[in-house]
Amino acid sequence: MDFSNNLTNPFPEDPHSFSTPNAAHMHHVDWDLQVDFMQKKITGSGVYHIRHQQAPEVIFDVHHLKITGVWLEDEPQAVDFSFTQEKPFLGQGLKIPLKPGTQKIRIAFETTAEAAALQWLEPEQTTGKKEPFLFTQSQAILARTWLPCQDSPSVRFTYTARVQVPPHLLPLMSADNPQEKNEDGVYFFRMDQPIPSYLLSLAVGDLAFAPLGERCGVYAEPGSLKAAAYEFAETEQMLLAAENLYGPYRWGRYDLLVLPPSFPFGGMENPKLTFATPTIIAGDRSLTSLVAHELAHSWSGNLVTNATWNDFWLNEGFTVYFERRIMEALYGPEYAQMLHTLGYQDLQHTLEELSQKPQDTCLKLNLENRDPDEGLTEIAYEKGNLFLCRLEALVGRARFDAFVNKYFGTFQFTSMDTDRFEQFLEKELLNGDDAVKQQLNAEAWIHSPGIPEGIVPLQARLFEKVAAELQRWETGTPANQLATENWSTHEWLYFLSNLPKTLAHAKMRELDNAFGFTASGNAEIQAEWLRHSIKHGYKEAYPALEAFLVRVGRRKFLMPLYKALLETESGTDLAREIYRKARPNYHSVSTSSLDALIQATP
């Protein structure tokens, strides 16, 4: 099979898009956008360049988006357009009739208050407290809520954008970005590498820039720029380590943007400009594996992209594996082992949570008629990584790295589905090696629930020392006499996540007095401690818990903490009370999950 060319039908059927790109697809867009903070809306138009073979119509995805006009080519007369029936999660298809020679369409539109991709923040919700802030979150299928597009990860396009913002604010996009404000508030952006719609991004705020190297830099609100620049100082070294592993970085610059705390994810791999949560700024660079993760997406996800959200593991499994190879290159094997072990713990927890939905623990998912966010679990990330680790162990690192390099090189700037990946794996790595095929059993990993039998997780040597200290404490050694000097965040997380299932109030207070967990400035450590505080009724931590839940919008922390509250007798009322205060600060990605969780509680 020749993998160097696209398939005859390069766009697989996508259950989460109304578009029919095999009939007609967008390949370049020129947008003109005006950002209005007073009315909290984006008004704009786009000239969409279309490829088709005499198709009678082209279909775009829209959801809660107002379409104010459509024109073909440069004709002055607007044309009629229609919509498909609306579907939950998906919105509608915008159907535009084509003439035989039509290659360009102009669409005018306005966002609405229901645009789930957008979060408009008041000044008091930002880090600086002086200026408003706007950011988008397009993944998985929210790009269609702020501009018309063929919102499938299989459809790639280049773009330009003219963006008008208030003159005292700076806009940034997943494109070539300005590094300082201008006087008129008009900015021009260009993205020459084709990207899918979920990687479209826009942020507008009082932002400043600091360089981190020749190709890397960081944007943040001025008051937090210095701390961000210190935290991410090693980004350029990460980029060089990634290139040494899997080939040249193909996107020009790699910059980071530190968003306000309401950002719902740890990071979002928007090309050229990773969006990052401020919760990874710990002051000691101990949480920067997240930067390595988002950087790794520049190859796995952004360069070779899951064709549909059923194939999400191809993005995230490869990225987790690659992230840990970058961290190993910079900090050594023992550091990477800790990340693998913590990831395996998270995977076990997810398998337990999904025990009533075993099909959701397959790598290849079936998310038809479901919100694709339901596939955003540790299965894609950690089971995907474990599968690739197993493959590396069976064929050897040298052969595996050669395979991954060829994979990225062969399919760069295209989309990949699971079936096609399996064919490539067979041809390029497993072909003729029946013993390895039998030992690997790719079918079981990809299409069967759970983890295949006989898989032994990697043990981190540094965690053996942590376990020994935990054992000493459990057998009577005072907490303040434990040998915890120079522990990393990962060692503390292992310590906390392996605390006894039942802990007396006095033992919780002893730990807190010794290590200051309740007041920790490290969000990962504080969130894990707060979860234990809820579980064991350690009420001294509840003021900090409320403050954390009101301030932080990262879904990774919110879901376990609210779930823990809802599982206690007195916690349901408290969860609802805190949620009423905190909800205005959360992005729709978080509230869509939390609304369902909290309203479902009797």
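The accessible surface of the chain comes to about 24100 Å², and carbon and sulfur atoms account for 49% of that area. Keep in mind as you look around that this is a predicted model.

Now for the overall build. The chain holds 18 helices and 20 strands. Its radius of gyration is 24 Å, close to the 25 Å that the globule rule gives for 602 residues, so the chain is as compact as a globular protein of that length. Along the principal axes, the C-alpha atoms fill a box of roughly 80 × 65 × 50 Å. Among contacts between residues at least 6 apart in sequence, 72% join residues at least 24 apart. As for charge, the mean positions of the 53 positive and 77 negative charges lie 1 Å apart.

Which strands pair with β16? The table shows two of them, β15 and β18.

| Partner of β16 | Residues of partner | Sense | Bridges |
|---|---|---|---|
| β15 | 216–220 | parallel | 4 |
| β18 | 273–276 | parallel | 4 |

D255 of β16 is the bridge partner of G217, while L256 stands opposite T274 in β18.

Terms used. Residues numbered from 1 in each chain as written. Predicted model: local features only at pLDDT ≥ 70, side-chain atom pairs only at ≥ 80, totals over all residues. Heavy atoms only, no water. Helix = DSSP H or I, 4+ residues; strand = E, 2+ residues; numbered from the N terminus. Rg over C-alpha atoms; globule rule 2.2 N^0.38 Å. Contact = heavy atoms within 4.5 Å. Areas by Shrake-Rupley, 256 points an atom, 1.4 Å probe, with all protein chains shown as cover. Lys, Arg positive; Asp, Glu negative; His and termini not counted. Charge placed at Lys NZ, Arg CZ, Asp CG, Glu CD. Pairing = 2+ DSSP bridges.
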